[in-house]
Amino acid sequence: MSNTKKLTALLLAALMLTLTACGGSSSSGQSTTEAEQTTEEESAAEEETEEAAESEDASEETASAGSAEFNGKLQGPFIMTTCGQSTGSVMMHMVATQAGIDSVDDHTLTSDTFSAGDAKTLVVTTGTSGKGMGAAGTDVNAEIDRCVALIETAREAGLTIVCAHVEGMSRRTDSSDQASIDAIMPLADVIVVVEESDSDGLFSDYAAANNIPIIITEDALGLGEYME
């Protein structure tokens, strides 16, 4: 074979080897890229799963924050106020004090002046006193605004919210009485009433329909056995 032919054959062989090597390298590079892409997708899926789990946990924590599970007793220490400047909160405060449980009663308490301290329960009594609101320079709408904002702040602080009506039908005679009840009752974790206040089933029916625990006693003094 002449030198020219030998040289040509060698060049062809080298060319074939080069093409083969390039093809293998391209295949290997493609496989590596696909593997990296698969790994990235798996990592992204794992991150999404973890984020979803964290979000669910956060939602559960938010849902459970605000009040402890009700065990049939009102947990002191208490903070009490009235939505309507009636004497209901005074009555409940006196019952708690006689039971030896720390309690504070403040008819002008607001979300700005609220301080939870070691309190576990906020009690808001409903039913209005025209005379009381007049003396305090307020009205039922202002009382509702004050108490709704207060309840939101107290719930954020982890307190259980109690809506109470303990003065009987004498505090269910007009639209102002009903307005205070309608505003506070839907915000309650627990409802507390005396038998006379619920003589028409207003509170017990609402509690049953909305799965809210309710305490019904013959009179306000009977609430002492439900406090601890």
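Modeller: Let's take strand E3: Thr-121, Val-123 and Thr-125 point one way, Leu-122 and Val-124 point the other way, and all are buried. Buried here is under 20% relative accessible area, with exposed over 50% and partly exposed in between, using a 1.4 Å probe and protein chains only. Strands (E, at least two residues) and helices (H or I, at least four) are DSSP runs, numbered from the N terminus.

Bear in mind that this is a predicted model, so to speak: local features need pLDDT of at least 70, side-chain atom pairs count only at pLDDT 80 or more, and totals for chains, interfaces and linings use all residues. Residues are numbered from 1 along each chain as its sequence is written, and side-chain values use heavy atoms, leaving out hydrogens and water.

Now the neighbours. Strand E1 (residues 78-82) runs parallel to E3, joined by 5 bridges, and Thr-82 has Thr-125 of E3 as its bridge partner. E3 also pairs with E4 in the parallel sense, again over 5 bridges, and there Val-123 is partnered by Val-162 of E4. Two strands count as paired if DSSP finds at least two bridges between them.

Helix H5 (residues 175-184) comes in here too: Asp-177, Ser-180, Ile-181, Ala-183 and Ile-184 are its buried residues. They pack against strand E3 (121-125), and also against helix H4 (140-156), strand E4 (160-165) and helix H6 (202-210), where contact means heavy atoms within 4.5 Å.
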